[in-house]
Amino acid sequence: MLFKQQALLRQKLFVLGSLAIGSLLYLVARVGSLDRLQPLCPIDGRFGPRSQDEIPLRALQFKRGLLHEFRKGNATKEQIRLHNLVQQLPKAIIIGVRKGGTRALLEMLNLHPAVVKASQEIHFFDNDENYAKGIEWYRKKMPFSYPHQITIEKSPAYFITEEVPERIYKMNSSIKLLIIVREPTTRAISDYTQVLEGKERKNKTYYKFEKLAIDPNTCEVNTKYKAVRTSIYTKHLERWLKYFPIEQFHIVDGDRLITEPLPELQLVEKFLNLPPRISQYNLYFNATRGFYCLRFNIVFNKCLAGSKGRIHPEVDSSVITKLRKFFHPFNQKFYQITGRTFNWP
Ligand code: A3P
């Protein structure tokens with residue numbers, strides 16, 4: 001009798017053990033598959049309707065798989081040929097504005113399975129030395145991608161550099177141009193904060209923002225100060241409009257990208273003629289960082305580097321008022337040209 005009970009118990013334990021091992025193996029296989037190559041192109045012309053909350057695991061897994069490895073330079077020539085990978089010139093460029101949220105925009109667009117970002121700022125069009133190396137040099141700086149994908153790069157210096165519009169036009173006169181802007185005074189202070197941090201890192205002293213932004217002789221806004229000049233968006237845009245029609249630009253609201261990124265990204269998807277693929281699933285608010293972070297899939301999340309989202313120094317309120325007054329007419333012109341209005345003071 002006792003022997004029979006023991007045998008039964010052993011049998012039950014065996015079944016339970018098998019079930020546990022089976023489940024474990026299944027989980028390991030599933031998580032392991034996240035980093036494996038997705039052999040079939042996840043994007044094709046047949047984009048069906050999708051629910052907003054659907055987990056886009058299959059569509060996105062290759063971003064952390066094969067392409068990711070290749071961008072690290074781990075691809076052999078054979079693999080590149082086998083998977084038909086190419087280095088394509090960008091179909092869209094984030095041309096600025098510095099401190100507008102250019103990195104966040106690029107990283108967030110890269111969530112889209114049809115977008116592949118150039119990780120570094122390439123500075124091809126604004127740097128004469130790089131430009132002299134020729135377009136093939138530029139193309140070779142691009143990441144590997146599947147032919148149906150689009151490459152996007154960002155170099156915010158393009159927006160304010162005199163020669164750039166003509167140079168980009170010569171490469172591709174129908175390229176799509178993205179400009180991300182923030183309220184001009186906030187952007188100027190953010191610009192200053194970045195420079196200040198650089199000086200502090202080198203143990204150097206630096207002027208206060210107020211001293212740079214206001215001309216001490218006239219007590220007016222110092223238009224020679226670069227952080228001020230960069231925020232006169234309309235002046236720069238007008239130079240670009242000598243080469244490209246306004247339809248080729250899309251203006252992104254950088255302040256809204258911070259607080260409510262998804263609708264801004266959806267507008268960009270539309271502008272780039274991409275099917276809507278970035279969803280709320282891909283963006284989650286990280287209370288510690290105070291910003292939205294990115295979720296590629298169940299195993300891979302990332303927030304932007306700590307250098308994005310710095311604390312700004314306090315600026316004298318009369319200087320802020322003066323700057324806002326100064327930017328006001330330029331902002332009006334910018335709204336008029338772009339057809340996008342912001343609630344800037
Ligand atoms: P601050 O550092 O002034 O807050 P850029 O990438 O063009 O240099 O822009 C940097 C700005 O991007 C940051 O400016 C920050 O406010 C903004 N930003 C927008 N979305 C962000 C995000 N999800 N994480 C971090 N910074 C973000």
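**From a disulfide to a ligand site**

At 1% relative accessibility, Cys 293 counts as buried, where buried means under 20% relative accessible area, exposed means over 50%, and partly exposed lies in between, computed with a 1.4 Å probe on protein chains only. This is a predicted model, in which local features need pLDDT of at least 70 and side-chain atom pairs count only at pLDDT 80 or more, while totals for chains, interfaces and linings use all residues. Residues are numbered from 1 along each chain as its sequence is written, and side-chain values use heavy atoms, with hydrogens and water left out.

Cys 293 forms a disulfide with Cys 303, their sulfur atoms being 2.0 Å apart; a disulfide is a pair of cysteine sulfur atoms within 2.5 Å. The structure holds one disulfide. Cys 293 lies in strand E9 (residues 291–295) and Cys 303 in the loop between strand E10 (301–302) and helix H16 (317–338), so the pair ties together parts that are 10 residues apart in sequence. The torsion about the S-S bond is about 100°, so the disulfide is right-handed. Cys 303 is partly exposed, with a relative accessible area of 26%.

Strand E9 also belongs to an open sheet of three strands, in the order E8-E9-E10 and with antiparallel pairing, where two strands pair if DSSP finds at least two bridges between them. Strand E8 (283–286) and E10 stand at the edges with a single partner strand each, so one side of each is left without a neighbour in the sheet. E9 and E10 are joined by two bridges, and Arg 295 stands opposite Asn 301 in E10.

A second pairing brings in strand E6 (residues 176–181), which runs parallel to E7 and is joined to E7 by five bridges; here Ile 179 stands opposite Ile 251 in E7. Five of the five residues of strand E7 (residues 249–253) are buried, so E7 is largely enclosed by the rest of the structure. In a regular strand the side chains alternate between the two faces of the sheet. In E7 both faces are covered, with Phe 249, Ile 251 and Asp 253 buried on one side and His 250 and Val 252 buried on the other.

Which residue does the UniProt annotation "active site" cover? The unreviewed UniProt entry gives Lys 99, and such annotations, given in the numbering used here with shortened feature names, may be inferred rather than shown by experiment. Lys 99 is found in the loop between strand E2 (92–96) and helix H5 (102–109), and at 13% relative accessibility Lys 99 counts as buried. Leaving aside neighbours within four places in sequence, Lys 99 is in contact (heavy atoms within 4.5 Å) with residues including Arg 182, Ser 190 and Lys 308.

The ligand is surrounded by 17 residues, and the closest are Thr 102, Ser 190, Tyr 292, Lys 308 and His 312; a residue is near a molecule if one of its heavy atoms lies within 4 Å of it. An oxygen atom of the ligand is 2.9 Å from an N or O atom in the side chain of Lys 308, and an oxygen atom of the ligand is 3.0 Å from an N or O atom in the side chain of Arg 182. At Arg 103, a polar backbone atom is 3.0 Å from an oxygen atom of the ligand.

Terms used. Helix = DSSP H or I, 4+ residues; strand = E, 2+ residues; numbered from the N terminus. Polar contact = N/O pair within 3.5 Å; in protein donor to acceptor, adjacent residues only side chain to side chain.
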